[in-house]
Amino acid sequence: MDSNKGKWALVTGGDSGIGLALSRELAGRSYNLLLVSRTVSKLESAAGQLSLEFPEIQVEYKAVDLSVAGAAEEVHEWAGPKDIDVLVNDAGMFLFRDVCNTPVEYLDAMLTLHVRTVTVMCRLFGKDMAVRGCGHILNLSSYSLYMPWPGITVYGATKAYIRHFSISLAKELRESGVHVCAVAPGWIDTDLMGLSDGIRGLGRKVGILMSPAALAGRSLRALFKGRKYIIPGWYNVMFIPFVKHLGPGATKLLRNKTKRYQQ
């Protein structure tokens with residue numbers, strides 16, 4: 001890992017959940033860190049934790065609302081003096097609610113965060129990497145791209161975009177020495193989905209919920225091995241035909257059972 005000393009990794013959403021786990025994994029690989037998220041207090045806390053755990057690395061952070069237009073350009077300008085070797089687009093937002101009941105401004109924010117910001121971050125940092133002839137980009141998609149289910153319509157659609165975009169971008173940039181990988185995690189033990197402690201505990205016991213640390217390790221191994229796309233967990237791969245082709249009757253039952261959980 002000493003070969004990474006002096007190199008920089010930039011992680012969006014790197015102050016909590018999967019993003020923090022990815023930041024910790026990168027720090028363990030001797031990367032200096034740039035953390036970007038919206039909340040200063042959480043960034044301060046995460047940077048403090050990582051600095052204590054890994055005193056040999058540098059940790060810097062910047063509070064940016066990545067769900068507004070121009071955020072990617074702002075981050076790129078801030079990080080510009082440093083050559084970013086690893087870019088991780090992890091920041092995301094989730095709302096379980098029917099489209100017609102969702103405020104338009106929330107839809108705008110999700111589309112900007114998952115589509116525009118990810119795309120422009122890859123465009124700006126990807127070009128820098130291509131000029132240098134090396135670099136790595138990891139984009140967080142989601143298993144929900146295989147789940148055209150009521151309540152997660154826009155979320156799943158934006159994550160499908162990230163998968164398609166990342167695989168195509170990987171083919172464009174590979175000849176320049178830049179590796180791009182998309183990861184589509186299934187159910188992860190974080191606060192993003194708003195699951196109760198009881199459900200999360202049950203999920204951990206039966207092995208359905210993967211820990212953020214385990215996901216981070218698998219994701220970065222895939223990225224550095226040159227993989228374009230992974231679905232962590234054999235059980236997630238096995239259930240794709242089921243979740244993709246849920247029939248009308250099952251979909252109706254699912255909708256009736258989950259309506260009360262809509263936010």
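Helix α4 has a kink of about 40°, centred on T112. The bend at a residue is the angle between axes fitted to the seven residues ending there and the seven starting there, and helices here are DSSP runs of H or I with at least four residues, while strands are runs of E with at least two, numbered from the N terminus. Even with the kink, the 29 residues of α4 reach 41 Å from the first C-alpha to the last, close to the expected 42 Å; that expected span is 1.5 Å times one less than the number of residues.

A word on the model itself: it is predicted, so local features need pLDDT of at least 70 and side-chain atom pairs count only at pLDDT 80 or more, while totals for chains, interfaces and linings use all residues. Residues are numbered from 1 along each chain as its sequence is written, and side-chain values use heavy atoms, with hydrogens and water left out.

Zooming out, the protein has 10 helices and 7 strands. Of its 263 residues, 51% are buried, meaning under 20% relative accessible area with a 1.4 Å probe and protein chains only (exposed is over 50%, partly exposed in between).

Next, the inside. A nonpolar core is a set of buried Ala, Val, Leu, Ile, Met, Phe, Trp, Tyr and Cys residues joined through side-chain atoms within 4.5 Å. The largest one has 50 residues, and L10, L66, V75, I84, F125, Y146 and Y229 touch the most other members. Elements supplying at least two residues each include β1 (8-12), β2 (32-37), α3 (71-79) and α5 (153-173). Leaving aside neighbours within four places in sequence, Y146 is in contact (heavy atoms within 4.5 Å) with R163, Y229, I231, I240, V243 and K244. There is also a second, separate core of 33 residues, with L26, V86, C181 and L215 among them.

Finally, W8 sits in strand β1 and counts as buried because its relative accessibility is 8%. Beyond its neighbours within four places in sequence, W8 is in contact with a list of residues including Y31, L33, Q58, K82, I84 and V86. The C-alpha atoms of W8 and V59 are 9.4 Å apart, although 51 residues separate the two along the chain. Across the protein, residues 24 or more positions apart account for 73% of the contacts with a separation of 6 or more.
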